[in-house]
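Subject: Structure handover and notes

Dear colleague,

I am passing on the structure we discussed, with notes on what was found in it. Please open it alongside this message as you read.

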Amino acid sequence: MAISSIQVFRSLRPPNASSTATAASSLRNSQTLSASLRVSFGFRSSVDFNSCGLKGCFVPSSARSRAWAMAREREERTEDYPLAGDSVDAVDDKQVVNTPQEFLERDFAGTPYVPVFVMLPLDIINMNCELVDPEGLLNQLRILKSINVDGVMVDCWWGIVEAHAPQVYNWSGYKRLFQIVRDLKLKLQVVTSFHECGGNVGDDVHIPLPRWVSEIGQSNPDIYFTNREGKHNSECLSWGIDKERVLKGRTAVEVYFDYMRSFRVEFDEFFEDGIISEIEVGLGPCGELRYPSYPAKHGWRYPGIGEFQSYDKYLMKSLTKAAEARGHSSWARGPDNAGSYNSTPHETGFFCDGGEYDSYYGRFFLNWYSRVLVDHGERVLGLANLAFEGTCIAAKVSGIHWWYKTASHAAELTAGFYNPSNRDGYAPIAAMLKKHGAALNFTCVELRTLDQHEDFPEALADPEGLVWQVLNAAWDVCIPVASENALSCHDREGYNKILENAKPLTDPDGRHLSAFTYLRLSPVLMERHNFMEFERFVKRMHGEAVSDLQVNPNKKHTKVQDTDGQVAA
C-alpha cells in the first residue's frame, strides 16, 4: 500500500518488547532467506548500496532515489552553478507543464526558525594545512549566503593540524577559511575530528591519524580498537587508553584536551565575535560516540550486525577488573557466539531471540561495554567544557537503524548502544550530555522505513522508529537536538521528511530541532535544479512561506518550467 512521504513520526512510537520480538519472529518464520543473503549480505550490485561515508549511517539506495537520479541525469544541463540572484520565484522565459501530484505537503509558514548549516567538503584543507581553491569556495559561499543559509560546518582534522610532532600545531589553512566565513557574515560549526578520514564505503579522501601516533601504533597496536580475531582498526584510538600514558607521556584525553585548548587560543577572535557558534567534539569513529563495529575496510557490508571491539589489552584489562568486582572472574571475556561482521542476529547464539544477550553474563557484558562508551563521553566532554567555556558543545550519535525491529537490536549492541527491545539504551547517553550541557546531533532524519523495507526487507530496519526514540530521549532531559542527513539529498520527498522530523506536527510542547546541517556542499548541490529545491527547503526550515506548496493530492500540480528545461516552481 502506498503511503504519503509526508507522514509524521507521531505514530511511530517504538513497540514494546513483546510485540517487537513477536513481530520479528513471525517475519523470520514466514520468510526463508536465500543462501546468498544469509551468508554475505553483500551488495546486490556494485552501485546498489549508498553510504554516508563519514557519517556512520549506512543505507541501501531506494528505487525512488535511483529513479530521481536517472531522471536528473537526462536533463540538459546548461549551467553548473546558479547565480547568486537566482530564486525559486523567478519566472522568465517559461512554459507551463503538468506533473502528477504524488504527496501532500505541510505548510511550515510561521513555524519556528531552525538554522540551516552546510557541511564543507572533506578535502577543503590539504595535508599541508592549506586552503584548497579559496576563490572557488568564496563564490560557493556567496551563493549559499544569498539564500540565507545560516553557516557552514567544517572538520578540523587532528591528522592535519598535529601531523608531525606532539603539541606542534598548524592551523594556517583553517585561519584563512574562517576569515572568509567571517567576511560573509556566516556562522561556523567546528568538528574536532580525532579520527581517520577514509576506509569507509564512499570515502574519496584519506586523512590518517597524526604520523607520530601511527608510529606508536606500529609498536603498540593495542592503542587501537580490536575485534575478537585480533584485527586492529586505526580509524581512531581505543577508549582503553583514555587514562593510559602511552602517547609520548600523555594520555589520550590529555592529547584531545591540548588540541582543543590550542584551537581555542588560536581562534580567540572568532569565539569573541560569535562566528564560531558550536564545537562538535569528536568522540569516536566518524566523529561519533560509538565503537567502530562496522568497518567497511574490514569487510563489513550492510546489513551485517558488526562485531564487538573490546579486545585490545587495555579494554580487556578493564573488563577483567569489572568481572572480578562482580564476583565472576570467568566473565572476563567477550562473547564467543556473537557471529562476525556480516552475520544476521538469528544466525548467532548471542543475538537470536532468547539468546545469550539477555542472560546474566550477557547483561553484565553489555552493561560494561556501553558504560565504557558513556564514560568516554563523560571524560572528553568534561574537558571540552573547560577548553571552550561559554561556547555550545555537541556530540554526534549515529543512526544504526538496521535490525531495529528485532528483540536484540544486534547492530546497536555491537556499536555500544545497549538498546534491546526491553531497555532504553539512549537515555543514559542523553543524561550524560545533559550533565555536560552538550547538545545531541543525530543522523538519518531523512530516511523512511518503507524505503528500507523495499530495498532490504531482511534487515528489519526502522529509521523512523529510531529517530522517534532518540529525539524523545534527548527532549525528555531538555537538551538541544540538532541533526543532519545521512545520505545526499536533493529531492523534495527527502526534504519533506527532514522537515517533519525537525518540527513534529503533534508534539504537545512544540519541540523542534535546534539546527540542521546539510550533508554536503558539492557540485551536484549547486546544479540549478537541485539548488532551487534546496533554497525552497531552507525557506521552510526558517518558517517562511513558499509559493508552490503542494496541498491537494487529488489534483495535478502545475509547475512552471524554463524553456531550457530547468524547473523554477
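Helix H8 is mostly covered, with 11 of its 15 residues buried, where buried means under 20% relative accessible area, exposed means over 50% and partly exposed lies in between, computed with a 1.4 Å probe on the protein chains only. The buried residues of H8 include Val253, Tyr256, Phe257, Met260 and Phe263, but also Asp258 and Arg264. The helix covers residues 252-266 and reaches 21 Å from its first C-alpha to its last, close to the 21 Å expected at 1.5 Å a residue, the expected span being 1.5 Å times one less than the number of residues. Helices (H or I, at least four residues) and strands (E, at least two) are DSSP runs, numbered from the N terminus.

Please bear in mind that this is a predicted model, in which local features need pLDDT of at least 70 and side-chain atom pairs count only at pLDDT 80 or more, while totals for chains, interfaces and linings use all residues. Residues are numbered from 1 along each chain as its sequence is written, and side-chain values use heavy atoms, with hydrogens and water left out.

In the loop between strand E8 (232-237) and H8 lies lysine 248, which is exposed, with a relative accessible area of 56%. Leaving aside its neighbours within four places in sequence, lysine 248 is in contact (heavy atoms within 4.5 Å) with Pro166, Trp212 and Ile216. Of these, proline 166 is 82 residues away from lysine 248 in sequence, yet the C-alpha atoms of the two are 7.7 Å apart in space.

Turning to charged pairs, the count comes to 29 salt bridges, each defined as a side-chain nitrogen of Lys or Arg within 4 Å of a carboxyl oxygen of Asp or Glu. One of them joins arginine 540 to glutamate 105, with the closest N and O atoms 3.3 Å apart. Because arginine 540 lies in helix H17 (residues 528-541) and glutamate 105 in the loop between strand E3 (94-99) and strand E4 (116-119), this pair ties together parts that are 435 residues apart in sequence. Both arginine 540 and glutamate 105 are buried.

Arginine 492 likewise forms a salt bridge, with glutamate 533, at 2.6 Å between the closest N and O atoms. Here the link runs from helix H16 (residues 492-502) to helix H17, with the partners 41 residues apart. Arginine 492 is buried at a relative accessible area of 7%, and glutamate 533 is buried with a value of 7%. Salt bridges that share partners join Glu105, Arg492, Glu533, Arg536, Arg540 and Asp548 into one network.

Finally, the second largest pocket holds about 420 Å³ of space. On a 1 Å grid over the protein atoms alone, a pocket is an open set of points where a 1.4 Å probe fits, with protein on both sides within 12 Å along at least five of seven lines, and lining residues have an atom within 4 Å of a point. Of the 15 lining residues, Gly240, Lys243, Tyr314, Ser318 and Arg379 are the closest to the centre of this pocket. Helix H10 (313-326) and helix H11 (360-387) each supply at least two residues of the lining.

With best wishes

Terms used
Grid points are joined across faces, edges and corners, and a volume is the space filled by probe spheres set on the points.
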